[in-house]
Amino acid sequence: MNPVLQEIYSTVIPSAPYIIAAYALLWVVLLMYVLFVVRGFKKTEKQIAILEEALAEKEGLNR
């Protein structure tokens, strides 16, 4: 094996578990964030629907 490649691999391979763990953590945090945002959107949509119903009901009573 080429001595330069051997030196590169000897410095990269020991740190590989840390790099893999960092990427895995990044993906987990990103997934959690997306799920949190989607949950917030669903909650907001429900609240808007309730407000629209209440507004329609109020407008019907005022006529």
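Helix α2 is hardly covered: 0 of its 47 residues count as buried. Buried means under 20% relative accessible area, exposed means over 50%, and partly exposed lies in between (1.4 Å probe, protein chains only). The model is predicted; local features need pLDDT of at least 70, side-chain atom pairs count only at pLDDT 80 or more, and totals for chains, interfaces and linings use all residues. Residues are numbered from 1 along each chain as its sequence is written, and side-chain values use heavy atoms, with hydrogens and water left out.

The protein contains 2 helices and 0 strands. Helices (H or I, at least four residues) and strands (E, at least two) are DSSP runs, numbered from the N terminus. From first C-alpha to last, α2 reaches 69 Å, close to the 69 Å expected at 1.5 Å a residue. The expected span is 1.5 Å times one less than the number of residues in the helix. Within the chain, the C-alpha atoms of Tyr-18 and Lys-42 are separated by 36 Å. These two residues are 24 residues apart along the chain.

The overall dimensions were examined next. The C-alpha atoms of the protein fill a box of roughly 90 × 15 × 10 Å along the principal axes. The radius of gyration is 27 Å, whereas a compact globule of 63 residues would have one near 11 Å. This radius is taken over C-alpha atoms, and the globule rule is 2.2 Å times the number of residues to the power 0.38. Of the 63 residues, 0% count as buried. The protein exposes about 6300 Å², and carbon and sulfur atoms supply 71% of this area. Accessible areas come from the Shrake-Rupley method with a 1.4 Å probe; for residues, only the protein chains shown count as cover.

Trp-27 is found in α2 (residues 16–62) and counts as exposed because its relative accessibility is 59%. Tyr-18 also lies in α2; its relative accessible area is 65%, so Tyr-18 is exposed.

In helix α1 (residues 3–12), Thr-11 is exposed at 54% relative accessibility. The Thr-11 side chain reaches the backbone oxygen of Ile-8 at 2.8 Å.

Methods: Polar contact = N/O pair within 3.5 Å; in protein donor to acceptor, adjacent residues only side chain to side chain.
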